[in-house]
Amino acid sequence: ADKSLRPAVLWPMILPSANETPRVNPRRQASPTVTTPARAPAKGWNEHVAEAADEMHRRHGWELQLAGGRTVRVSMGLIRVANIGPCIDLAKYLANTRADKVRVAAYHSQLLMLQRWHIERSLDELLTRKGDDGKWKRVIGANADVLASFDAQTNDLSLIVVATPVEEIGRDHDFDWAVIEPSSTPSIVQCAGRVNRHRLVNVDSPNVAVLQYNRRAWHQSAQGAKGAVFRWPGLESNDSHQHIKDLGQLFDWSPGRQVDARLRFHTQRHKFAQLDDEALKAATTVWLKRLVGDDPHSNLWMSESTYVNTPLRSHDTGQQTRWKLETADDGGVLYKQWESKAFGDPWTHRSIGNAVTLVPRKPEGTWLTPHLSDLMELASGRGLAPERYLEVQVRQKIGDLLVHDESFGFYRQRA
């Protein structure tokens, strides 16, 4: 069979229709006594992703000798999702439904600084797989988080990182496989570059799975809605991309297809790349003319409209809020929010149950998620003052609740 570094496969999905509820629980139910409908209920989006991850692990798992001599089967996989809320939701789903065969961590920008430090430090150690494979395998086999994942009854695990685009930029990591939620052609190429990055081993089975539909397209189909789906992040607007949602139509999936820069630049072969170019042109032409002086009213680049209409972030995604945790006298945790004040302490205490919802840490099915006290001890052991790193910035709208999942991070719950 032909071999390459990152052979890719389109992961097929069946969209739900507006008049049916996607199945959430993947466990099989007993057959009902009534006649079953001609079409089975659609699988949930998370379930499709989980099945793709299962298949990637089946194909690309490998033997690892743990410190102590026991041999287990393992793979380290990346699941790329577009946004923080779905990232945490998928991580919780995997931990709750597949704790017998996966360990999952969520990696995104709304983790406590201390927790993100631990995840990034650990991944930098585990996913640096350069040179002699015996050396980096020994590093993995002796890692405390890996050892904690394999209890006496567990011999086959997929160690998964569910990540937002923070993994795509500046991270020199080498995963065994990836499952990618599509947002744009550059993000797919960037994410795939985190697979087989150091080892550069030719493989004969796809190690990159690109989902046929992203989560936004999935929910639009369930609700009977239409509109742009490759946005926030992504380049699609309501005036571009023709609203094609199916990755089977947007890429050339000829046999032997692999993910590299050609996916972005071969616009004649890959319609997604062509549509991304058209969207970029439509979004920037007017404003670039102002900046480079093509416009006869070239001083317009200084006008308010230039900056109001070309924001770095959409205006409807909320404002960045700053929070920190403090240890209470009784051993509990206090949540405080930064508020700009002319006088007095800018940190205002917010009560759990009122402004903050706490989801207690759940160690089953997770990895890289030590208890807060253990994190503080780790930081102190490395000469850090952990109290300085108990902060997080969360994008919220007025009235939103802050949810703190101790395993997977912070997110907003809409009012």
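How many bridges join strand 13 (residues 401–405) to strand 14? The close-up views below, taken from a predicted model, take up this pair and the sheets of the structure in turn.

**View 1. Strand 13 and strand 14 as an antiparallel pair.** Strand 13, which covers residues 401–405, is joined to strand 14 by 5 bridges, and the two strands run antiparallel.

**View 2. The open sheet of 3 strands, in the order 11-13-14.** The pairing within this open sheet is mixed. Because strand 11 (356–359) and strand 14 (409–413) stand at the edges and each has a single partner strand, one side of each is left without a neighbour in the sheet. On average, and with direction ignored, neighbouring strands here are turned by 25 degrees against each other.

**View 3. The open sheet of 4 strands, in the order 10-9-8-12.** In this sheet the pairing is antiparallel. The edges are taken by strand 10 (347–350) and strand 12 (391–396), each with a single partner strand, so one side of each lacks a neighbour in the sheet. From one strand to the next, the twist averages 40 degrees.

**View 4. Strand 9 and strand 10, joined by bridges.**

Notes: Residues are numbered from 1 along each chain as its sequence is written. This is a predicted model: local features need pLDDT of at least 70, side-chain atom pairs count only at pLDDT 80 or more; totals for chains, interfaces and linings use all residues. Side-chain values use heavy atoms; hydrogens and water are left out. Two strands pair if DSSP finds at least two bridges between them. Axes are lines fitted to C-alpha atoms, for helices over the stretch in contact, and angles run from 0 to 180 degrees between N-to-C directions.
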